[in-house]
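Visitor: I should like to be guided through this structure by means of questions and reasoned answers.

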Amino acid sequence: MTWLALVAGLVIGVALASLVMGRQHRREHQESASVRTSDDASSSRSESSRVFRALNAVPLGIMVFERRRPVFANAFAHQFDSGRHTDVLVERAIAELVARASTEGAVDHELDLYGPPRRRLSLRALPLAEMSNDGMLVTIEDVSERHRIEEVRRDFVANVSHELKTPVGAIGVLAETLSAEDDPDIVSRLSGRLHDEAHRLGTTIDDLLTLSTIESGETFQTEPIVIGNLVNLCIERVRAAAELNDVSITASVEDDLRIDGDRRQLESALSNLLDNAVKYSDAGTDVVVQAARDEEWIDIAVTDAGHGVPERDLTRIFERFYRVDQARSRATGGTGLGLSIVRHVAINHGGDVTVRSTEGVGSTFQLRLPAVNRSVANERSPSVG
Ligand code: ADP
């Protein structure tokens, strides 16, 4: 609304200035072609040209209509008059809006253009009481990004509710069944499941909190990190799960690799990659961690000989809650948030994460981080645990 008030003011200003200038110009023309422009007229003209430049600079389409015909369009609005199919749709929607506004007063309309690129425009027509001849102001605002963010937020809330409701529902049912059960074997089995569901709820909440902290970037603190130590620490964290699955882990890390980064975030990212490599591997296979320098980058690659990711899912697995195989992810205690955490950590560090995978053969997830050019000879190793 503030925008509209401002724009309406500017447009009225421009309209009045044009009117005054038009009259002034006509009068001057009538008097004599060689009469010098007065100080007033030239300052009014430069004022008006400043207003025109301002109107052309705003990231909002502004049009003025008189008797339902356009008499002014700023630069932003002109992008919709190049004759494309979508421009015709915009033109038609505006014409309808202007017709409605002339009888109903101010009216709004949201218009979806399926592109490409896909866009959503917010159109508004507002009668200008100050002008005669049915003067009408039309604004065109590109709300695509706002709309996209709103959609992502809505999806996220729906996903979180679903992810939390499933274990909470299961806990309720298990507790109820348990309370009516006397058989010690069944009681032991049900309480085991109760424990699993409670654990799942806990890890989902933990991952959500981690993701939200990492996304906000609020606690980001850099310190020198020795890659060899980081790799050892993360391997130790998944060692027990790897032994349970009969998966071996080996590491090959170049000497003297270090970066300046957030220790907790990097530990979280690498632990997630290793946890997945172990989770999605079969017994008797190997997971290999390699870290090497490539000019100004340090690449940490985690390779497994596991199930791999189908090609159609490769671009989606970094999305929150996206799982290729829901049942398997759930059975292994997955939250669907691990790779989102990895992606955000990579972005926060000015790097990225990529994946190469072949279904049935295995995967390599590569975390690429900016390197630091310093020796690590005297760096103290953190304790592994
Ligand atoms: P989850 O908690 O389900 O493991 P992630 O975000 O870590 O969630 O991973 C998303 C999905 O990507 C997983 O559900 C799984 O289908 C797939 N995935 C991740 N890492 C691997 C891997 N190393 N091998 C095969 N599939 C993987």
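**A loop glycine and a helix pair**

Guide: This model is predicted. In it, G360 is found in the loop between β11 (352–358) and β12 (362–370).

Visitor: Is G360 buried or exposed?

Guide: The relative accessibility of G360 is 63%. A residue counts as exposed over 50%. G360 is therefore classed as exposed.

Visitor: Which residues does G360 touch, not counting residues up to four places away in sequence?

Guide: H307 lies 53 residues from G360 along the chain, yet their C-alpha atoms are separated by 4.7 Å. With residues up to four places away in sequence left out, G360 touches G306, H307 and G308.

Visitor: What distance separates the end C-alpha atoms of helix α5?

Guide: Helix α5 covers residues 144–179, which is 36 residues. At 1.5 Å a residue, α5 should span 52 Å. The model agrees with this expectation, because the end C-alpha atoms of α5 are apart by 52 Å.

Visitor: Which elements do the buried residues of α5 pack against?

Guide: The buried residues of α5 are S144, V160, E163, P167, L174 and L178. Their packing partners are β4 (119–127), β5 (136–142), α6 (184–216) and α9 (326–331).

Visitor: How are α5 and α6 oriented to each other?

Guide: The axes of these two helices, α5 and α6, come within 9 Å and cross at roughly 160°. The contact of α5 with α6 involves 17 nonpolar, four polar and four charged residues. Angles over 145 degrees count as roughly antiparallel. The orientation of α5 and α6 to each other is therefore roughly antiparallel.

Definitions and conventions:
Residues numbered from 1 in each chain as written. Predicted model: local features only at pLDDT ≥ 70, side-chain atom pairs only at ≥ 80, totals over all residues. Heavy atoms only, no water. Helix = DSSP H or I, 4+ residues; strand = E, 2+ residues; numbered from the N terminus. Expected span 1.5 Å × (residues − 1). Buried < 20%, exposed > 50% of the residue type's maximum accessible area, 1.4 Å probe, protein only. Contact = heavy atoms within 4.5 Å. Axes fitted to C-alpha atoms, helices over the stretch in contact; angles between N-to-C directions. Parallel < 35°, antiparallel > 145°, perpendicular 65-115°, else oblique. Nonpolar A, V, L, I, M, F, W, Y, C, P; charged D, E, K, R; others polar.
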